[in-house]
Amino acid sequence: MIIGIIGLGYVGLTLALVAASKGITVYGIEIDEHIKDLLKQNKSHFYEKGINELLQTHNNKTFHVVENFPKNVPFDAFIVTVGTPLTQSDAKTPNFDYILSAVSSLKGIYDGSQMVILRSTVSVGTTRNFVLPLLEKMSSKNKEDILVGMCPERTIEGRALVELTSLPQIISGNNIGSINAAKTLFSKITPNIVIADSLEEAELAKLYCNVYRDMTFAIGNAFCLAAQSFGIDGVKVIDRANEGYPRSNIAKPGFVRGPCLEKDAHILLNNMPECLSKHLILSARQLNESIENLVCSWVKKTIGPADSHGFITLSGMAFKGNPETSDLRGSSAVCIAQKLASAGYKLYLHDFVVNPEDLQKLNVGQAVSADKLFEACAQSKGLLILNNHQRYASLNPKDLLSLNKDFHILDIWNICRNRCTHHNILIDTIGTMNIKEK
């Protein structure tokens, strides 16, 4: 089997290398020159455990990075994996230009006989109403004869290579030939195939996966803030409610962002008919987005207003720490850094995985290397621990106490706080911020 993948980002590259490891010949197209240069060196542009080893094994063998798909290769399928960003307007509507451009780039190689699979996250109806007519025009075939499917990606960054071979793969198609082609392809990668009844059902199932998580975490955040209104630690009361009780699994409060969760609710709402669900989904998203403003308010109240004499250290800039990743897209920490920098605060930026050069490119603070967290804190008025990387659990309370008596810590994910509860040092978590957003 021979496939072409358009877009070698987090979704496209992991799929390409797992497919290549299963004996599928893969040709991948990427327009970013930096990414292409790294791939030539058998290096990925993002951190994913085991990905560079797969590159070294399959690069230029069963995996090929090309400028254009070769016309003399009998492709079985093309897979579109490019992103779906939101517009910068207040409406936050999805921008499908990248997807339609990717499909259009197949002109000259696509003849209507190959399967075209959309793997990007889209609003319900996009595959049938936009992609299918474009393929029909390009191939001069009737849309009933075209092979097109929606087969969404659902892996978690940090474990994508493992999950691609173990998670159930949802497939769909506009006809039985499409479904059979998608099943043949993905059965080579994972033994678990789930067939959706329609393209729209597959689009909706993907959105449900992420919006469900978004809303679940919103409940945790809502309960946390409710506890604080009574003067109670929101994290502790959730722990008490969950402990040993089989009918309570309340999510821990915290940031809910990343390249998917920050936008998939808006993509779902984009063309949803008016119904009661819309208001609930939007309220959950808005609640989760508000947590970043609460952190900025905590800084102003606890550490004080911005001045020219002191830095604040922001650690955990990737959008999550466990599983660890270097992905800064949609990171709450980046958003907080931007807001604090705009307010005049001087910042040190730190992460255990993200390259300091990438942190410096944010242009909101001074990047420090992964092993210099303590040195940065020693020159700061406070530390904000903003993701859940497990290395924070090894922070030594005595070292923190030695900084200065006015040093403040906000440990959003409550990772190091338990080691310091008996010391005379202020460590707040999301459960104890006690800040009302203005």
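These exercises walk through a predicted model of one protein chain, each with a worked solution.

Residues are numbered from 1 along each chain as its sequence is written. Because the model is predicted, local features need pLDDT of at least 70 and side-chain atom pairs count only at pLDDT 80 or more, while totals for chains, interfaces and linings use all residues; side-chain values use heavy atoms, with hydrogens and water left out.

**Exercise 1. Overall build**

Task: Find how many helices and strands the protein chain has, and check its radius of gyration against the globule rule.

Solution: 
- Step 1. Helices (H or I, at least four residues) and strands (E, at least two) are DSSP runs, numbered from the N terminus. The chain has 16 helices and 14 strands.
- Step 2. The radius of gyration is taken over C-alpha atoms, and the rule is 2.2 Å times the number of residues to the power 0.38. For 438 residues a compact globule would have a value near 22 Å; the chain has 24 Å, which agrees.
- Step 3. Along the principal axes, the C-alpha atoms fill a box of roughly 70 × 50 × 40 Å.

**Exercise 2. Burial and contacts**

Task: State what percentage of the residues count as buried, then describe the place of His64.

Solution: 
- Step 1. Buried means under 20% relative accessible area, exposed over 50%, partly exposed in between (1.4 Å probe, protein chains only). Of the 438 residues, 53% count as buried.
- Step 2. His64 sits in strand S3 (residues 63–66). His64 is buried, at 18% relative accessible area.
- Step 3. Contact means heavy atoms within 4.5 Å. Neighbours within four places in sequence aside, His64 is in contact with Thr25, Val26, Tyr27 and Gly28.
- Step 4. Residues 24 or more positions apart account for 70% of them.

**Exercise 3. Salt bridges**

Solution: 
- Step 1. A salt bridge is a side-chain nitrogen of Lys or Arg within 4 Å of a carboxyl oxygen of Asp or Glu. The whole structure holds 16.
- Step 2. In the pair Glu289 and Lys92, the closest N and O atoms are 3.2 Å apart.
- Step 3. Glu289 is buried at 18%, whereas Lys92 is partly exposed at 29%.
- Step 4. Asp307 and Lys381 meet at 2.8 Å, N to O.
- Step 5. Asp307 is partly exposed at 31%, and Lys381 is partly exposed at 26%.
- Step 6. Shared partners join Lys92, Asp214, Arg285 and Glu289 into one network of salt bridges.

**Exercise 4. Backbone exceptions**

Solution: 
- Step 1. Start from the background: most residues other than glycine have a negative phi, and most peptide bonds are trans.
- Step 2. Pro323 is in the loop between S9 and helix H13 (332–342).
- Step 3. Asn363 has a positive phi, near 60 degrees. Asn363 is exposed at 68%.
- Step 4. Asn414 has a positive phi of about 60 degrees.
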